[in-house]
Amino acid sequence: MMDEKDAWNSFFQSGSVLDYLQYKSIQYAKNGGELKEEQDEVQDKGTDTPTAEYR
């Protein structure tokens with residue numbers, strides 16, 4: 001059976017969706033069946049400044 005690092009390297013090399021899903025399933029099993037997707041997402045916190053100038 002593949003470990004998490006090997007699965008990531010396989011996905012990194014191939015770019016295959018199936019390899020990514022295998023990596024995520026190993027990660028899921030490692031976390032005891034708990035989803036932790038928020039770690040993979042980049043949160044846009046924004047700066048609350050306008051990006052366009054209205055005239």
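## Helix α2 at a glance

Helix α2 covers residues 17-30, so to speak a run of 14 residues, and it reaches 20 Å from its first C-alpha to its last, close to the 20 Å expected at 1.5 Å a residue. That expected span is 1.5 Å times one less than the number of residues. This is a predicted model, where local features need pLDDT of at least 70 and side-chain atom pairs count only at pLDDT 80 or more, while totals for chains, interfaces and linings use all residues. Residues are numbered from 1 along each chain as its sequence is written, and side-chain values use heavy atoms, leaving out hydrogens and water.

- Asp 19, Tyr 23, Lys 24, Ile 26 and Gln 27 are the buried residues of α2 (buried means under 20% relative accessible area, exposed over 50%, with a 1.4 Å probe and protein chains only).
- They sit on the same side of α2 because they cover an arc of only 155° around the axis, taken from the directions from the helix axis to the C-beta atoms.
- Those buried residues pack against α1 (4-14), with contact meaning heavy atoms within 4.5 Å.
- Over on the other side of α2, you'll find Val 17, Leu 18 and Ala 29 exposed.

**The ends of α2**

- Ser 16 caps the N-terminal end, with a side-chain oxygen 3.1 Å from the backbone nitrogen of Leu 18.
- Just after α2 comes Gly 32, which takes a positive phi of about 70°.

**The whole protein**

- The protein has 2 helices and 0 strands; these are DSSP runs, with helices (H or I) of at least four residues and strands (E) of at least two, numbered from the N terminus.
- Of its 55 residues, 15% count as buried.

Note on methods:
A polar contact is a pair of N or O atoms within 3.5 Å; within protein, one must be able to donate a hydrogen and the other to accept it, and residues adjacent in sequence count only if both atoms are side-chain atoms.
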